[in-house]
Structures are given as C-alpha cells and as structure tokens.
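Dear colleague,

Please find the structure below, handed over for your files.

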Amino acid sequence: MPFRSTYLYVMFAGLLTLGIAVGSGHTSAELPTRPSTVTSGRSRTDVDKRTGSRKLTGSSAFLDNRNWTLPTLANGHLGFTVFEDAVYMGGLYGGAAGLSHRARIPNVANIRPAIGCYQGTTQEHCTETLDMEQGVFRVEFSQHSVPPANRFRLVHTLYPHALYTRLIVNQFFIERLDARNAGCTCWNDGATSQQTISVPLMPSVPFFSEDIAFEPIRTVQFRSSAPANQNHLIYESCGKTVEVEDPIHQPSVSPVCVVWNHVPERLTLPQTERTVTFTFLMSVDGEESSAHNELKTALGLPPDELLRAHTSLWRSFWERFDILTTGNEPLQRAVWASIFYLVSNLPFAPSGHNGLSPTGLGRGGGSNLDDYEGHSFWDTEIWMLPVLNVIDRSYARSLLQYRIARLEVAKELAAELGYGGARYPWESGFTGTEVTQPCCPAVAQYQHHITADISFGLRQHLAATQDLEWLCSSGAHRMAAEIASFWASRVTFNQTGTAQYDIAAVMGPDEDHENVTNNAYTNVVAGYALYFGDFASCLCAESNELQEDHWDAIAKHIKLPYDPDRDYHPQYDGYNQGTTIKQADTVLLGYPLQYAGMRRSTRSNDLRVYESVTRVSGPAMTWAMHSINHLDLGELEQAAINFNRSYQPYIRGPFQVWYELQQPDRGAQNFLTGAGGFLQSLLFGYGGLRLHLDRLELRPGIGGTSLVLPPGSCELIIKGVQYLGALITIEKTVSQSTLTVTHQEQPLTIEFDDSNVPTDIVINETYYLRNRTAIVRSKNRSYRNCRLPEDIIGRCN
C-alpha cells in the first residue's frame with residue numbers, strides 16, 4: 001500500500017470571518033449565454049407542467065443515514081459525492097499500471113453545519129433537494145425548537161460550477177424568521193451568543209492525500225473590487241501525484257493545485273441584519289494560475305450572480321433536451337436523474353476530456369475497486385455514447401477524442417502481441433496503457449472486443465453528424481483504419497474446416513466464459529470494424545479507389561456461429577444451450593448492432609435462449625437491451641417486463657442513485673452504464689429512433705404493431721434529438737406520433753415507408769406519422785462516392 005504520512009490539519013480558528021457576507025438585495029448583471037453547439041427554437045412545452053419539477057427531495061434524517069446514498073455531482077472537470085471527503089479531477093490519476101485510480105483530492109468544500117439533520121437529529125424541519133433543473137444540491141433547515149424570537153432558516157446550496165468548471169461552490173443563506181426581534185439575544189446550540197444568530201460548522205476534513213504529495217499550505221490576502229471591495233483570506237496548496245501510471249508514456253508525475261477561501265468556525269448573522277449570505281469556494285486545476293484566477297473571478301461576483309452563471313447553463317440544457325413521460329411519476333424521476341447524472345460528467349463548453357468511467361467523474365479513487373477507478377471501458381462507446389451522441393455531438397466527440405489521443409499507445413499494445421494496427425486496452429486511464437486490476441488478468445487478455453466497440457462508437461457518431469471534415473482532420477479516420485488493420489491480423493483462416501475466418505482466444509461481454517473461439521458478438525462487431533475501416537479510408541482518401549486488399553473481403557467471411565436446428569446463435573463455438581451467462585452478449589446482435597444478416601425468428605430465439613440463463617446478479621444494463629429487442633419484434637409484454645427490470649431494482653433512495661447490482665447487493669455506485677442502457681431503451685426502444693450511416697429512422701409502430709408507450713405512461717416526448725445539426729422533437733401517445741424539427745443547419749428531407757417520395761423538411765412543421773416509419777436524410781450527398789458498408793459476415797467462399 002502507498003506510504004501514509006501524518007495528517008496535516010487546516011486550522012481556521014481565530015481567523016477572520018470572511019467568505020462573502022452580503023445582504024439579500026443584489027441585482028444580477030447580464031450573464032454569459034450557454035455555450036452550445038446548437039440552440040433550440042422551441043420553448044418548454046406545456047407537458048413540463050404535467051410531469052412536475054425536476055427536483056428530488058429527501059427526508060429530514062437522510063444526511064446521517066448511511067443506508068441511503070447521496071448524489072454524485074460533476075461538471076466535466078471536477079466531480080464528488082455530496083458530503084464525502086474526496087474530490088476528483090478529470091485526468092488526474094495515482095498508482096502504477098493495474099493499481100491506477102483517480103487521485104484523491106481532499107474535499108475542503110465539504111462544509112457542514114453542526115446542527116439538525118446534518119448531525120442526524122430530526123426534531124427540526126430539514127429537507128434535502130437535488131434540483132436537477134438548476135444543477136445544485138440544497139439543504140434547507142429551519143430552527144423551530146427555540147423561542148419565536150430566536151428562530152432562523154438556513155439554506156445551503158452546493159454545486160460544481162458549470163461555467164467556472166474549476167470551482168466547487170458552497171453558499172449559505174441565513175434568514176431571521178422573526179425580523180421584529182433583529183436586535184435580540186438569540187440562542188440555538190446550547191450556548192449564548194450576544195445579539196447574534198451563530199451557526200457552528202463541523203471540523204474541516206484533513207488536508208491529506210495518499211495519492212498526492214502536497215506542499216505546505218500557504219495563505220495570501222486578496223482584495224476583490226466587487227462586491228464592496230472586500231478582503232479575502234485565501235489558502236493554497238499545490239502538489240504532484242506520487243506515482244506515474246506508466247513510466248514510458250507518463251515520464252513525470254501530474255501537478256495539481258487546490259485554492260480556497262477562508263471558512264470560519266461559525267456562520268454569524270449580526271444583530272443588525274435580517275439575512276446574510278456566505279460563499280465558500282474551492283478551486284482545483286493542474287495549473288496554479290488557472291486555479292487562482294477562477295477563484296478570484298468568482299470572489300468578485302455577487303453570490304446570486306455567481307449562482308445564476310451556473311443555473312442558466314443547466315436551464316438552457318433542459319430547454320434544449322428532455323425526455324418527458326406523463327402518467328408515471330416514478331419513471332419520470334428515474335429518467336431525469338439518469339439524464340442529469342450522465343450529462344453532468346461532460347462540460348457544457350467543448351473542451352479536452354479524459355474519458356468517461358462507468359461511475360463517472362466523481363468516483364473511482366482509493367481502494368474501492370467497485371467504482372472502476374475512473375477507467376474507461378467498453379461502457380463508454382456501447383452504453384453511454386449512444387445517448388450522448390443524440391443529445392449533443394460535442395459530448396460524443398470529446399469521448400472519441402480521448403481514444404484518438406491514445407492511438408499510438410494502442411498501436412504499441414497490438415505490436416506487443418504480434419498484431420498489426422491498434423489494440424485498445426480493456427481498461428484505460430491517463431496514458432492509454434492497460435490498467436486492468438491485478439485481480440482480473442483474463443478480461444485484459446481476452447476482451448478484445450473493446451477495440452471494435454470503439455470503432456462502432458465512431459461509426460455511430462459519423463451517422464449522427466456526417467461530418468467528414470472532422471473525421472478526416474481529427475485523426476478519427478486513421479483510428480478506424482488502424483482498428484481494422486488489427487482485426488485483419490487478429491483473424492485466422494480455417495482452411496480445413498469452414499473456409500471462414502475464426503477469431504480465437506476471446507471473451508465476449510459475458511465475462512463468465514473466457515478463452516473461447518468465435519464469440520458471436522465479438523465476430524460481428526469486429527466485422528463491422530473491418531467494413532468501417534474501408535469506409536472511413538475511402539471518405540478521407542484523395543481518390544475514391546480502395547486498395548486491392550481492402551478489409552471487407554475479410555469481414556464477409558468471418559464465421560458467425562449458428563445452429564440451424566434450433567435457429568439461434570450459440571454464444572461461441574461449443575456453447576451448450578442452457579449454460580448460465582453473466583450479462584447480455586449474443587442478444588446485442590439485434591440491438592445495438594442492428595445486425596441485418598439474421599431472420600426475425602432467429603432474433604426471437606436468441607432472446608428466449610439467453611434471457612432464461614442470464615444470471616440475476618449481473619449488471620444493470622442487460623435488461624434494457626432485452627427490452628429494445630423485444631420491442632423490435634413486437635413482443636410487448638416481455639419488453640415491458642424487461643424495461644421495468646432495467647431500472648427499478650437498481651435505482652435507490654430519494655435521489656435516484658444508480659447501482660450496478662440489484663438490491664440488496666451494491667456493486668458500483670453512480671453506475672452510469674446502467675443509466676445509459678436505460679435511456680437507450682427510451683430513445684431507441686419506446687422512442688423508436690434508429691441511427692444508420694445514411695439516415696435517421698423513427699419507428700413509432702413498434703414491431704409492426706400499434707403505438708406503444710413505456711409501462712404506465714400515457715405520453716412520451718423526446719425533445720431536442722440532435723441529428724446532422726438539427727433538433728428534432730418526437731411526441732407520442734397511444735393514438736398518434738409526430739415529428740417536429742425545431743432547428744436546422746442543413747437541408748433535410750423526410751419520407752415515409754408507405755411512400756418513397758422525399759419532401760423537404762420545414763422548420764416547426766408537425767409531421768404526423770401515425771403508425772408509419774419516418775426516414776430523415778440529408779438533402780446533400782454526404783459520403784462522396786463511397787459505398788456504404790455491407791455489414792454482413794459469415795459467408796462461405
């Protein structure tokens with residue numbers, strides 16, 4: 001274990017009571033608008049009122065109840081779980097190789113009053129609210145157990161700032177409930193404070209990290225020009241991580257600086273004031289100047305203006321994108337929480353990013369291996385990217401840039417095993433080297449499908465944007481080609497048997513079975529990667545002529561296991577029907593892979609065979625995929641059962657926190673992979689959306705049947721789906737389905753499956769789909785003369 005030095009405590013006693021202490025009458029200046037790829041021309045619909053507010057509220061004793069879970073908050077740069085002692089910064093890791101994990105930064109922003117529900121007492125009125133509309137966590141405490149003249153209300157607002165992303169903000173608002181007694185002597189915690197209301201704070205967290213060697217804390221004075229030319233006492237400590245992840249690809253340790261303003265022992269409301277506001281800031285960055293500058297900028301803003309600079313971005317987000325279900329309030333709460341927890345890990349303004357872990361930015365440190373150490377897995381491209389891809393293209397693009405930036409390391413990993421091209425690690429952290437835990441070498445050795453999954457994620461992004469300039473200038477096309485080259489070297493031609501290509505020594509998504517040959521999922525997604533390598537190379541080539549040894553010739557002849565007697569796909573060569581599996585594997589051929597080379601009956605049989613043997617103790621995202629596949633087949637009862645199974649046993653507590661495993665087990669906390677799978681079942685399942693390289697399809701009539709809604713719902717609205725720069729709103733009831741384009745960057749056409757006549761889309765015109773499939777395309781020719789991938793494997797010579 002890393003060496004643990006003596007704790008260094010930060011002592012605030014006897015220092016000036018600063019922060020920002022102001023009255024309640026500020027007028028906010030104009031705030032910056034939300035930096036967004038697109039803006040919606042449509043305001044919030046009336047259905048928002050019918051679905052309630054985007055707020056989740058806890059009970060009075062919640063904060064001290066360890067059986068419940070508090071939310072994890074993030075802003076794309078920093079993340080933390082409410083009232084826990086650690087903060088994490090994107091891209092900051094400690095530990096070498098398989099011991100790599102997010103480096104723990106002491107959370108000096110963990111500020112809690114030593115009163116009421118913060119201490120687990122319930123005699124006072126206390127509520128805790130996750131306000132997803134504004135992107136804040138709020139505790140409201142009212143002191144009623146004292147004489148009327150001494151009563152007060154405290155509102156504590158906590159958030160990682162959406163605009164000033166290096167900041168975590170605590171704001172405390174104290175209001176005297178009996179303003180007529182503003183000059184009285186007040187009592188609240190067993191002591192008497194002359195002519196004040198005084199709220200004690202709990203001791204600060206020890207300023208120590210086993211992952212970071214911090215310098216001694218320094219103090220500096222800072223005088224802000226506004227508000228009121230205040231003096232601020234600022235603390236700073238910079239340090240470096242103790243250990244690099246890989247000495248070759250990370251030649252030096254990573255720097256980090258933590259800067260914060262003074263927090264007193266007590267919050268004091270003077271006798272002459274009715275209200276007071278305190279603002280406490282923690283700023284974190286790898287560059288000292290950036291951490292300092294952002295903190296000083298924020299200290300110069302009035303508290304309400306600082307808050308509005310944050311909440312305006314979240315309000316803008318919800319104006320642009322939302323999923324609304326009426327008639328099922330528990331489902332709506334789960335939907336909003338899933339969107340909030342997932343999106344909060346990405347910055348509002350496009351910027352460099354450091355991957356997306358199954359538990360997000362706010363977890364993954366220390367010795368808790370359940371939280372996946374902040375590493376990126378296949379979860380990113382298969383489970384989370386498909387949702388982010390249709391919310392905002394910049395989100396998906398930042399995740400792909402993380403992979404592109406580590407392409408050279410992936411090429412080295414392929415060469416280490418004697419293969420060509422690029423092989424991505426099962427777990428990726430800072431450097432892109434393999435950082436799988438020492439406990440689990442088999443997943444790193446055999447789960448090569450991660451490399452094809454990344455190509456599939458890139459394909460999905462190209463389908464949503466058709467942005468050839470980005471594809472060819474960012475290095476994305478080169479990544480696609482190197483991945484295809486890897487699979488071309490990874491297959492083995494079976495000359496004496498099937499006369500097809502085998503892929504041996506793999507592990508599919510079902511981690512219960514290792515070192516198998518021809519895993520059905522791996523073979524199909526590898527075939528896709530080979531086809532897409534040709535396609536991307538053609539799109540970015542100076543001419544449209546492919547090389548003679550192009551990869552689709554291999555892809556066509558990769559074996560796909562199939563049992564003609566039982567009309568299903570064995571999961572791998574030698575699979576015995578009835579063998580228990582961990583999670584969705586072969587069923588993924590239907591969705592998300594949308595494999596066209598199988599019959600409807602085969603897909604149905606795959607579901608029947610594997611649904612009965614998938615263990616209940618598997619991870620959350622499995623059942624969402626079963627639901628989507630059942631919907632495609634018109635098997636509505638099974639779709640509804642699996643849809644409910646996909647979220648109800650995995651979401652816990654009033655703040656709808658996702659867990660990896662069903663109750664009473666836990667697994668990973670803030671399990672965004674599960675949230676991503678669940679949201680896919682709404683967007684691509686009940687919503688009927690399907691992305692293809694050359695079109696977007698909307699299938700309101702599921703499986704050729706009548707319109708179907710999520711269980712218990714009477715209406716489904718998906719607002720702000722982003723496709724080719726357009727914003728699309730889908731509204732669906734049991735009797736009607738409509739499509740409206742509210743923003744458009746390029747000419748689009750729409751056609752229906754009962755009429756192949758495309759017409760130009762008109763902004764804000766409502767298209768009534770009824771039970772028809774709508775097809776939206778670019779009016780322009782986007783792919784030059786390059787042939788779309790065939791995407792069929794398993795042919796014989």
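This is a predicted model: local features need pLDDT of at least 70, side-chain atom pairs count only at pLDDT 80 or more; totals for chains, interfaces and linings use all residues.

β31 has a partner in strand β34, which comprises residues 774-778; the two run antiparallel and are joined by five bridges. Within this pairing, isoleucine 750 stands opposite valine 776 of β34. β31 also pairs with strand β32, residues 755-760, again in the antiparallel sense, over three bridges. Here phenylalanine 752 has serine 755 of β32 as its bridge partner. Two residues lie between β31 and β32, and the two strands form a hairpin.

Strand β2, residues 72-74, pairs with β3 in the antiparallel sense over three bridges, and leucine 73 stands opposite phenylalanine 80 of β3. These two strands form a hairpin with three residues between them, and glycine 76 in the turn has a positive phi of about 90 degrees.

β3 also pairs with strand β4, residues 86-89, in the antiparallel sense over two bridges. In this pairing glycine 79 stands opposite tyrosine 88 of β4. β3 and β4 form a hairpin as well, with four residues between them; in the turn, phenylalanine 83 has a positive phi of about 65 degrees.

**The chain as a whole**

The protein chain contains 17 helices and 34 strands. It has 797 residues, of which 63% count as buried. Among contacts between residues at least 6 apart in sequence, 69% join residues at least 24 apart. The chain exposes about 28500 Å², and carbon and sulfur atoms supply 49% of that area.

**Nonpolar cores**

The largest nonpolar core holds 212 residues, and those touching the most other members are Ile105, Phe317 and Phe678. Helix α12, residues 520-540, provides the largest share of this core, with 15 residues. Another core, of 17 residues, lies apart from it and includes Phe222, Val259, Ala291 and Ala298.

**Cavities**

How many cavities of 30 Å³ or more does the structure hold? There are five of them, and the largest cavity has a volume of about 90 Å³. Its lining consists of Ile382, Pro386, Asn389, Phe456, Gln460, Tyr591, Pro592, Gln594, Gln680, Phe684, Arg690 and Leu691. The elements that give two or more residues to this lining are α5 (378-391), α9 (449-465), α17 (672-686) and β26 (689-692). Of the elements, α5 gives the most to the lining of the largest cavity, with three residues.

With kind regards

Terms used. Residues are numbered from 1 along each chain as its sequence is written. Side-chain values use heavy atoms; hydrogens and water are left out. Two strands pair if DSSP finds at least two bridges between them. Buried means under 20% relative accessible area, exposed over 50%, partly exposed in between (1.4 Å probe, protein chains only). Contact means heavy atoms within 4.5 Å. Accessible areas come from the Shrake-Rupley method with a 1.4 Å probe; for residues, only the protein chains shown count as cover. A nonpolar core is a set of buried Ala, Val, Leu, Ile, Met, Phe, Trp, Tyr and Cys residues joined through side-chain atoms within 4.5 Å. On a 1 Å grid over the protein atoms alone, a cavity is a set of points where a 1.4 Å probe fits but cannot get out, and a pocket is an open set with protein on both sides within 12 Å along at least five of seven lines; lining residues have an atom within 4 Å of a point. Grid points are joined across faces, edges and corners, and a volume is the space filled by probe spheres set on the points.
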